[in-house]
Amino acid sequence: MVFRSMGLKRPQVDPELAERTPPGQHLTRRWPVLHYGDIPAFDPTTWDFRVFGVVERELRYDWAAFQALPRTTVHADMHCVTRWSKLDNDWEGVSGRSVAEAAGVRPAARFVVFHCDGGYTANIPLAVFEDDDVLFALKHDGAVLTPEHGYPVRVVVPKRYGWKSAKWVRGVEFLAEDRQGFWERYGYSNSADPWREERFADE
Ligand SMILES: Nc1nc2c(c(=O)[nH]1)N[C@H]1C(S)=C(S)[C@@H](COP(=O)(O)O)O[C@H]1N2
Ligand SMILES: [Mo]
């Protein structure tokens with residue numbers, strides 16, 4: 001190791017940062033871009049956001065209506081299964097809980113699946129969706145999302161690996177039975193907890 005051979009100390013890892021880094025992850029300051037397929041085009045005249053499935057009232061917001069919804073902020077870390085973690089993200093958006101309340105989730109609902117432009121999907125349990133850190137985000141660190149990071153709206157599920165944080169989201173469906181999303185069908189973990197290192201389904 002070069003530091004040792006030069007008689008220098010190894011660089012110190014900040015213990016606070018180390019504690020916030022799940023097993024098998026390394027920290028990045030950049031914000032990597034990761035997705036399957038092409039970045040979808042955004043057309044504000046046809047864009048809509050649908051809330052449907054096991055709910056009292058199915059909802060459909062156009063772009064103006066969605067932007068007018070009450071917003072909250074979340075400060076959270078992000079962990080991708082490809083092993084990078086980006087700490088200290090400030091998100092602004094519409095809370096998952098507020099969307100669930102507006103639609104009136106029926107007692108039979110146990111899961112949700114996010115639907116995105118381009119056909120991407122990701123599923124999480126309703127209990128995870130209703131956690132207070134889950135957002136339909138429109139801004140990151142004070143700026144409107146860029147196209148590659150999900151403009152105009154993306155999901156943020158900080159307590160799960162990044163593939164649950166679906167970009168270019170167009171709707172959320174409430175389900176009585178679980179239904180696997182895009183990566184889950186390819187063998188990635190259904191639960192995807194980075195602290196338990198739930199990367200693949202067969203581990
Ligand atoms: N629609 C869509 N959303 C997606 C993906 C994707 O392939 N399609 N990839 C996911 C993965 S694996 C990660 S780690 C995060 C990365 O978000 P970022 O590109 O903003 O860093 O987006 C997630 N959201
Ligand atoms: Mo990822």
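Colleague: Which residues come nearest to ligand 1?

Modeller: P32, Y36, H149, R154 and K167 come nearest, out of 19 residues around ligand 1 (near means a heavy atom within 4 Å). This is a predicted model, where local features need pLDDT of at least 70, side-chain atom pairs count only at pLDDT 80 or more, and totals for chains, interfaces and linings use all residues, while side-chain values use heavy atoms, without hydrogens or water. Residues are numbered from 1 along each chain as written, with chains lettered from A and ligands numbered from 1 in written order.

Colleague: How far is the K167 side chain from an oxygen of ligand 1?

Modeller: A side-chain N or O atom of K167 is 2.5 Å from a ligand oxygen (polar contacts are N or O pairs within 3.5 Å). For R154 that distance is 2.6 Å, and for a polar side-chain atom of W31 it's 2.9 Å. The protein covers 98% of the 530 Å² of accessible area that ligand 1 has on its own (Shrake-Rupley, 1.4 Å probe).

Colleague: What sort of residues make up that shell?

Modeller: There are 13 nonpolar, 4 polar and 2 charged ones; Gly counts as polar here.

Colleague: And where does ligand 1 sit?

Modeller: In the largest pocket, an open set of points on a 1 Å grid with protein on both sides within 12 Å along at least five of seven lines. To "sit" there, more than half of a molecule's atoms must lie within 2 Å of the grid points.

Conventions: A polar contact is a pair of N or O atoms within 3.5 Å; within protein, one must be able to donate a hydrogen and the other to accept it, and residues adjacent in sequence count only if both atoms are side-chain atoms. On a 1 Å grid over the protein atoms alone, a cavity is a set of points where a 1.4 Å probe fits but cannot get out, and a pocket is an open set with protein on both sides within 12 Å along at least five of seven lines; lining residues have an atom within 4 Å of a point.
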